[in-house]
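Welcome! Take a moment to look over the sequence and the fold, and then let us walk through some of the details together.

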Amino acid sequence: MGGSSSQVVGYRYYAKFAAFIGNRIEKLLAINFDNRGWLVKDKGDASPHLEISKLSLYGENEGGVSGNIDIHFGTPDQEPNEVYQQYLPLVSGYPYQSYLVFRGLTSTNPLTGKQTTAPGFYLGNSGYMKEMLLWVQRIHVRNDGREQWYDEKAEIGYYFKFTEANKFLYTQKFTSLLDGKVVTPGGEKSTETTPFEYTGSYAAADRRGLAWSIGGTLESVESNDPVDSHLFYLIPQIGVVAHIEFSINTSTLAEEVEYEVIGTLAKPLVISQQYPQTLISAYFIIPKGRGYVAVGIKARSNGIVFENGSPRIGANISARMFECYVFEQYVDFGAGDINPIHKIREILTGDTAMGKPESDVNDENFIKAADRIYDEGLGISWAIDEKSCIEAIEELCYHIEAGIRVNRQTGLYEMVLFRDDWFSEDEIHDIAENKIKDLSLEVMNSDDIVNQLNVTYYDRERIKNSTFSVYENGSILTMGHANAESAEFPYFMNMRNAEVVANWKLKQFSTPAWSGSFSTGWKEARKWNRYDLIRLPWSKKWNGTILARIMKINLGNGTDNTVTIDFEEVIPYSGEMNTSIVVDAPIDSTPQPPQSSDNAIFEAPYYLTVLRAGQTNADLELSNNPDIGYVAAIAAKPQSNSLNALLYTDGGVGEFEQVSRLDYCDILQLDQPIAETSSSFTVTGSLTQVANSNNLILLNDELMGFVSFDDETKVLTVKRGVLDTVPKKHSSGSLFVFDLPDVAFDSTQYAQSEVVEAQVLTTTPSGIQSLSGTGVPVEIKSRAIRPYPPANVKINNVLWPETLLVSSDLVVSWVHRNRIQQTGGVSLGFYDAGIAAELGVTYSLELSTLQDGVLLSADNINADNYVIPEATILPNKAHKLKLWSVRDDYDSYQIYEHSFFAESASLILTATTNGEKVEGNTVPTANISVNVDTSLKANMQFDGSKITGKASANSVITIEVEE
């Protein structure tokens, strides 16, 4: 009977690693692996850790993720991560830098109770970390760790609007409390039935807290700070904003008292501190159907201990509801955004940005602006890699229709919001017409009024850019057609904000208005500032005055004190417009102009040169001038009505001219990272033309040979590293599937090291894509004359080894390729069998480490292998091996290059006995002493310095000792 056997069908991969985020953050809200959904951190969890256990997130075959994530927020006093420090003892704590450390998860066996810790963060079964999205927040702290300026208006999570006309008494449209009761500390419902008014007392024990939920239960939890709460459950028939007042009276036994109101605040808290009594008056947003409001006390005793050993604090709380307001508009954004005024101020004053002193900012003005933007609900979110401060401020101002200036009278930075009521009547300047000279005018938007805005914003819920269009219907009907412009709001996370500002901008674009400039010698004008408003008279064009905004002001040069002002007529923001919004952009059936294509421009390899001109002509050209090179290009079809594409080059002299024409090839997109040995992998897209073994595939700078493509599974099978290229790792990229008719050649022979710029322009029946000022630079490297690199390279008979256990010499082996011979038939892949080497080809080899430089180099190797002495290898270090072909002083176009870790053997012993003596191999420092007793099968012992033992005759003993 046969025995059972096991088979390894897959591996789980683990890793410990750090992922840097950037500057200071205050929260990690959620993480999203491979767009499989947000894994949200509990809002009540303030710990700097996130535990994840999603073992099948990627599916049955690919596994999932599991582990602990340590969150480092970038505080000024940040300590090094403990796990990180085990491997890098001198690692920095990275103050002011936020990052995550991924490590293993500790789990408990429910049967044995034994705890085990995974060797690292579980990445899945594919061997690589999939892309992850991080949702982080920094609103209430500044980049240097200080509390946010004017923090009560820093976060914008909702927008609401109500008016006095919608005011009513709470008794009119509320049903009752939850079951007519009030939930009190301890989870029990009191017998109090008075609607919306409750007075009770309770005692808070030190180190005891309470947690609450909308469901109405209260559970005791351990907490460093005690929290006791009264919850008031409200069930309005419509969504309202309710004005509630809490009166809290605490015992004088309290040493520290902090009051907290739980609920969705519609306006900032107004706290009147009258210790021991406190009055809290606030407006709360209460959605239709059910809502809750709670008040809590966090208190610590003054040290008095009662009989039961627990310090207790007495407190009384009462609540009253006043007037309520029906929502006129209410939008819950789902997450908090930062007030853009706060962001602009931080850019101005932050030491990592412009670094202006805070005294240079007009705080009264900025508070006014922050209040207005908060009331309008125009919060923004962003993640910036690299951007100039001025550009960032301008983009923020564009999002909220505002400008920033330095007031010339005070020297302080100020915000100006372009709103109808920003300036009071007495702040608007007047000027007499006789003080104006040299006035020039033009009408903005007069030629072709914009009556449609195509708006792009970032949709937080869908994690992608989204679009909609805003139309000015009256203008479209008058003109008989739509004239569109684009507006982009990448920092708005919701459609509501983009819609509001887009309507403002569309009104400006669709309204003819005056703009121009004038000069004046009136000295009062020298006191004006940019963005100020002027009542501008000019009887030659209009009666009375128009309201104009100063866009630029020039005070002269000191000799001539004439003030020159550029202005634009103010277009009111508050007027109603006959607009409509279409979220899905309308289909435009008119032919599109030529669009840009996905293309690749490169120096032609020898194989394509032969296919183009024939091998005899190609070899003749190269024999006359071996240093020449040709520019070639391929492209994918960008649109259905495109005919073909044209190749333009500048001939190395800067003037572009058409040099060739090409037919479009097919293009696929890599859908997964691939290693050097991957020959079948998933792609996106489809082939529109029949492909066969004559087709080549270009992915980044590696050429592949086409084998097959399954249009249903989207699995593409290829030969890797064909012609003069070597396989490489790829994480993404376009795969151009092409044959000779798809290639455009520039017939000009360019010299080695010459840089040629080239462009691929698409054509349609109606025209050719326009030339741009610069093209893609191609450096000529005499690619056609260079020998092909060695193929199927192995180290100790292993392809691309990551780690090698070095106990003897290393043997590097390879097979030959032949540039001259490989010009017909099916292309040879990197892993195919070898052929005869090209005449005159030898090989060069180099071994190095990053720390020690070149350890070994060899030239003029005529064989298909090379032995690297064991003594050359440095134990426990990363080594890099380079191997390339050489012929007539020309190195191969690409070289084999691979890094591996050399791991030293701890101790390996092999010994045999014939009953009289022991013979075997060991590392040089080992000491072996064996006593033979043929009556024993085996008996070996190790006393710390040597191995002794007995064995039967002709036995074979293999001993492995690990340090």
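## A capped and covered helix

Let us begin at one end of a helix: Asn-339 caps the N-terminal end of α3, with a side-chain oxygen 3.1 Å from the backbone nitrogen of Ile-341. Please keep in mind that this is a predicted model.

How many residues of α3 are buried? Ten of the ten are, so α3 is largely enclosed by the rest of the structure. Among these buried residues are Pro-340, Ile-341, Ile-344, Ile-347 and Leu-348, together with His-342, Lys-343, Arg-345 and Glu-346. The cover over the buried residues of α3 includes strands β24, β25 (402-406) and β26 (413-417), as well as helices α4 (363-376) and α5.

## The whole chain

Now step back for a wider view. The protein chain holds nine helices and 65 strands. Of its 963 residues, 44% are buried. The chain exposes about 48,600 Å², and carbon and sulfur atoms supply 47% of that area. Among the contacts in the chain with a separation of 6 or more, 68% are between residues 24 or more positions apart.

## The second largest pocket

Helix α3 (340-349) turns up again here, as one of the elements that supply at least two residues each to the lining of the second largest pocket. The others named with it are β2 (17-22), β11 (132-137), β24 and α5 (389-400). This pocket has about 1,600 Å³ of space. Of its 42 lining residues, the closest to the centre are Val-136, Ser-381, Trp-382, Ala-383 and Ile-384.

Which element gives the largest share of the lining? That is β11, with six residues. Sorted by class, the lining has 24 nonpolar, nine polar and nine charged residues.

Helix α8 (residues 606-613) has the buried residues Tyr-606, Tyr-607, Leu-608, Thr-609 and Val-610. Their cover includes helix α9 (615-624) and several strands, among them β37 (599-603), β38 (629-635) and β43 (696-699). Strands β46 (734-738) and β47 (744-750) also belong to that cover. Just after α8 comes Gly-614, which takes a positive phi of about 90 degrees.

Tyr-94 has a value of about 50 degrees, and Asn-860 has one of about 55 degrees. Tyr-94 sits in the loop between α1 (82-87) and β7 (98-103), whereas Asn-860 is part of strand β56 (residues 853-861).

## Charged residues in their surroundings

Asp-532 belongs to the loop between β32 (513-520) and β33 (533-537). Is Asp-532 buried or exposed? With a relative accessible area of 5%, Asp-532 is buried, because that value is under 20%. The side chain of Asp-532 makes a polar contact of 2.6 Å with the side chain of Arg-405. Beyond its neighbours within four places in sequence, Asp-532 is in contact with Arg-405, Phe-423, His-429, Ala-548, Arg-549 and Ile-550.

Lys-880 is part of strand β58 (residues 877-887). A polar contact of 3.2 Å links the side chain of Lys-880 to that of Glu-897. Leaving aside neighbours within four places in sequence, the contacts of Lys-880 include Glu-846, Leu-847 and Ser-848, and also Glu-897, His-898 and Ser-899. From C-alpha to C-alpha, Lys-880 and Phe-901 are 8.7 Å apart in space and 21 residues apart in sequence.

Glu-328 lies in the loop between β23 (312-326) and β24 (329-338). What separates Glu-328 from Thr-163 in sequence and in space? They are 165 residues apart in sequence and 7.4 Å apart in space, C-alpha to C-alpha. Not counting residues up to four places away in sequence, Glu-328 touches Lys-161, Phe-162, Thr-163 and Asn-166.

Here is how the residues discussed above are placed in terms of accessibility:

| Residue | Relative accessible area | Class |
|---|---|---|
| Asp-532 | 5% | buried |
| Tyr-94 | 25% | partly exposed |
| Lys-880 | 30% | partly exposed |
| Glu-328 | 38% | partly exposed |
| Asn-860 | 58% | exposed |

Conventions
Residues are numbered from 1 along each chain as its sequence is written. This is a predicted model: local features need pLDDT of at least 70, side-chain atom pairs count only at pLDDT 80 or more; totals for chains, interfaces and linings use all residues. Side-chain values use heavy atoms; hydrogens and water are left out. Helices (H or I, at least four residues) and strands (E, at least two) are DSSP runs, numbered from the N terminus. Buried means under 20% relative accessible area, exposed over 50%, partly exposed in between (1.4 Å probe, protein chains only). A polar contact is a pair of N or O atoms within 3.5 Å; within protein, one must be able to donate a hydrogen and the other to accept it, and residues adjacent in sequence count only if both atoms are side-chain atoms. Contact means heavy atoms within 4.5 Å. On a 1 Å grid over the protein atoms alone, a cavity is a set of points where a 1.4 Å probe fits but cannot get out, and a pocket is an open set with protein on both sides within 12 Å along at least five of seven lines; lining residues have an atom within 4 Å of a point. Grid points are joined across faces, edges and corners, and a volume is the space filled by probe spheres set on the points. Ala, Val, Leu, Ile, Met, Phe, Trp, Tyr, Cys and Pro count as nonpolar, Asp, Glu, Lys and Arg as charged, and the others, Gly among them, as polar. Accessible areas come from the Shrake-Rupley method with a 1.4 Å probe; for residues, only the protein chains shown count as cover.
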